[in-house]
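Student: I would like to go through the labels used for this structure and see what each one rests on. Please set every value against its cut-off.

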Amino acid sequence: MPNAPAGPPSRRLPGALAAEVLRVLGEAATALTPAEVRDRLDPSGTLSYSTVVTTLTRLHDKHLATRVRDGRAYRYSATADPSALTAWRMGKLLESEPDRASVLTRFVSALAEDDEQLLRGLLDKLDD
């Protein structure tokens with residue numbers, strides 16, 4: 001009797017595909033079409049072309065990627081690395097809160113000690 005599947009196929013965490021797409025764009029020597037991005041992300045072809053197009057469009061809308069028309073398609077290039085995507089998300093979340101001081105206080109107090117020291121050092125550099 002064949003083994004039963006262990007469960008549903010694993011899903012990416014929210015935002016993971018966008019970060020992977022930015023990484024692929026950043027590693028490319030030239031601008032890529034959605035098909036080229038898909039092929040680099042998933043050579044097996046199980047990743048949907050439309051999913052890649054949607055992700056690229058959203059990255060473009062967030063100014064994290066540029067695009068130029070190439071025939072009927074666009075070619076995309078990264079304007080930032082995946083860390084910029086995380087920073088963009090953090091900024092959007094903070095913008096939605098009326099009491100930013102409380103949010104930032106809770107955020108910093110929840111950081112691991114090493115991360116808090118890193119943040120303090122980064123802020124000190126900005127003051128210089």
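Student: How do the axes of α1 and helix α4 lie?
Tutor: In this predicted model, the axes of α1 and helix α4 (residues 82–95) come within 8 Å and cross at roughly 145°.

Student: Which residues of α1 and α4 meet?
Tutor: From α1 there are A18, A19, L22 and R23, and from α4 there are P82, L85 and R89. By class, this contact has five nonpolar and two charged residues, with no polar ones.

Student: What makes R23 and R89 count as charged?
Tutor: Arg is on the list of charged residues, together with Asp, Glu and Lys.

Student: Why are α1 and α3 called roughly perpendicular?
Tutor: Helix α1 (residues 16–27) and helix α3 (residues 49–61) pack at an angle of about 80°. The range for roughly perpendicular is 65 to 115 degrees, and therefore the label applies to α1 and α3. Their axes are 10 Å apart.

Student: Which residues make the contact of α1 with α3?
Tutor: L17, A18, V21, L22 and L25 of α1 contact T51, T55, L56 and L59 of α3. These residues divide into seven nonpolar and two polar, with no charged ones.

Student: How do you know that E36 and R75 form a salt bridge?
Tutor: Their closest N and O atoms are 2.9 Å apart, and the cut-off is 4 Å. The pair links distant parts of the chain, with E36 in helix α2 (residues 34–41) and R75 in strand β2 (residues 73–78), 39 residues apart.

Student: Are E36 and R75 buried or partly exposed?
Tutor: Buried means under 20% relative accessible area, and exposed means over 50%. E36 has 28% and is therefore partly exposed. R75, at 23%, also counts as partly exposed.

Student: How many salt bridges does a search of the whole structure find?
Tutor: Six. Among them is the pair R120 and E116, with the closest N and O atoms 2.6 Å apart.

Student: Why are R120 and E116 said to be separated by about one helical turn?
Tutor: Because R120 and E116 are four residues apart in helix α6 (residues 113–127). R120 is partly exposed, with a relative accessible area of 43%.

Student: What makes H63 stand out by its phi?
Tutor: Phi of H63 is near 65°, a positive value in a residue other than glycine. H63 sits in the loop between α3 and β1 (65–70).

Student: Why is H63 called exposed?
Tutor: Because its relative accessible area is 66%, and exposed means over 50%.

Methods:
Residues numbered from 1 in each chain as written. Predicted model: local features only at pLDDT ≥ 70, side-chain atom pairs only at ≥ 80, totals over all residues. Heavy atoms only, no water. Axes fitted to C-alpha atoms, helices over the stretch in contact; angles between N-to-C directions. Helix = DSSP H or I, 4+ residues; strand = E, 2+ residues; numbered from the N terminus. Parallel < 35°, antiparallel > 145°, perpendicular 65-115°, else oblique. Contact = heavy atoms within 4.5 Å. Salt bridge = Lys/Arg side-chain N within 4 Å of Asp/Glu carboxyl O. Buried < 20%, exposed > 50% of the residue type's maximum accessible area, 1.4 Å probe, protein only.
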